[in-house]
Amino acid sequence: MLPMEQPMLEARVRALIEGLLERGPVFVVDFCVRGTKGSYAVDLFVESDEVLGADNLADLSREINFLLDAEDTIPGPYTLMVSTPGVDRPLRLPRQYRKHVGRTLRVHYRLTSGQFTEICGKLVDATRQAIRVEDAERIEDISFGDIAWAKVQLPW
């Protein structure tokens, strides 16, 4: 394989991974390829519409390793890390929100005036366009385009 520029390598790896996952319940939340030839690292954060346990992540890691090796995608040795984002990372994709309906979220979002505000409350609904969050004083419908960040709040 000829040496590849980092952006081209990342695009090729992403395309292979997304092709593998495209028809299943697992989807890519965040992804990066870092390092240099002989010491690349692929960091992949995935979510699922279904329960995603350690065994599922291990199986997925093996499948991706096999695919990357079979396609001779990455020059030289590399490290692959497949994980879920965890609750400390902000929600990034509309698809993630459905899994968290009923949980408490802290959402930093833009008002129609252009200023930003926050609400911390129960996520009561998540559609393809917006979320609905309810706290003790109000109910807010917030479109995904207005969300700066949103994080699940732990109950303790």
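Visitor: How many salt bridges does the structure hold?

Guide: The structure holds 14 salt bridges, each being a side-chain nitrogen of Lys or Arg within 4 Å of a carboxyl oxygen of Asp or Glu. This is a predicted model, in which local features need pLDDT of at least 70 and side-chain atom pairs count only at pLDDT 80 or more, while totals for chains, interfaces and linings use all residues. Residues are numbered from 1 along each chain as its sequence is written, and side-chain values use heavy atoms, with hydrogens and water left out.

One of the salt bridges joins arginine 92 to aspartate 30, with the closest N and O atoms 3.2 Å apart. Arginine 92 lies in the loop between E3 and helix H3 (94-98) and aspartate 30 in strand E1, so the pair ties together parts that are 62 residues apart in sequence. Helices (H or I, at least four residues) and strands (E, at least two) are DSSP runs, numbered from the N terminus.

Another salt bridge links arginine 132 and aspartate 141, whose closest N and O atoms are 2.6 Å apart. Arginine 132 has a relative accessible area of 35% and is therefore partly exposed; buried means under 20%, exposed over 50%, and partly exposed in between (1.4 Å probe, protein chains only). Aspartate 135 and arginine 138 also meet through their side chains, at 3.5 Å from N to O. Arginine 138, at 29% relative accessible area, is partly exposed. Salt bridges with shared partners connect Asp30, Arg89 and Arg92 into one network.

Next come the nonpolar cores, that is, sets of buried Ala, Val, Leu, Ile, Met, Phe, Trp, Tyr and Cys residues joined through side-chain atoms within 4.5 Å. The largest has 22 residues, of which Val13 and Val46 touch the most other members. At least two residues of this core come from each of helix H1 (6-21), strand E1 (26-34), strand E2 (40-48), helix H2 (54-70) and strand E3 (78-83). H1 gives the most, with five residues. Beyond four places in sequence, valine 13 touches Phe31, Val33, Val42, Leu68, Thr73 and Ile74, where contact means heavy atoms within 4.5 Å. Another core, of 15 residues, lies apart from this one and has Tyr97, Leu105, Val107 and Ile119 among its members.

Helix H2 also holds serine 61, which is buried at 17% relative accessible area. Leaving aside neighbours within four places in sequence, serine 61 is in contact with Leu80 and Val82.

Strands count as paired if DSSP finds at least two bridges between them. E4 runs antiparallel to strand E5 (residues 116-126), with seven bridges, and antiparallel to E8, with five. Arginine 106 has cysteine 120 as its bridge partner in E5 and lysine 151 in E8. Five residues separate E4 and E5 in their hairpin, and glycine 114 in the turn has a positive phi of about 100°.

Tryptophan 156 lies in the segment after strand E8 (147-152) and, at 80% relative accessibility, counts as exposed. Together with Val87 and Leu154, Trp156 makes a nonpolar surface patch of about 380 Å².

Key
Patches are made of residues with over 30% relative accessible area and no salt bridge: like charges are joined within 9 Å, nonpolar side chains (Val, Leu, Ile, Met, Phe, Trp, Tyr) within 5 Å. Accessible areas come from the Shrake-Rupley method with a 1.4 Å probe; for residues, only the protein chains shown count as cover.
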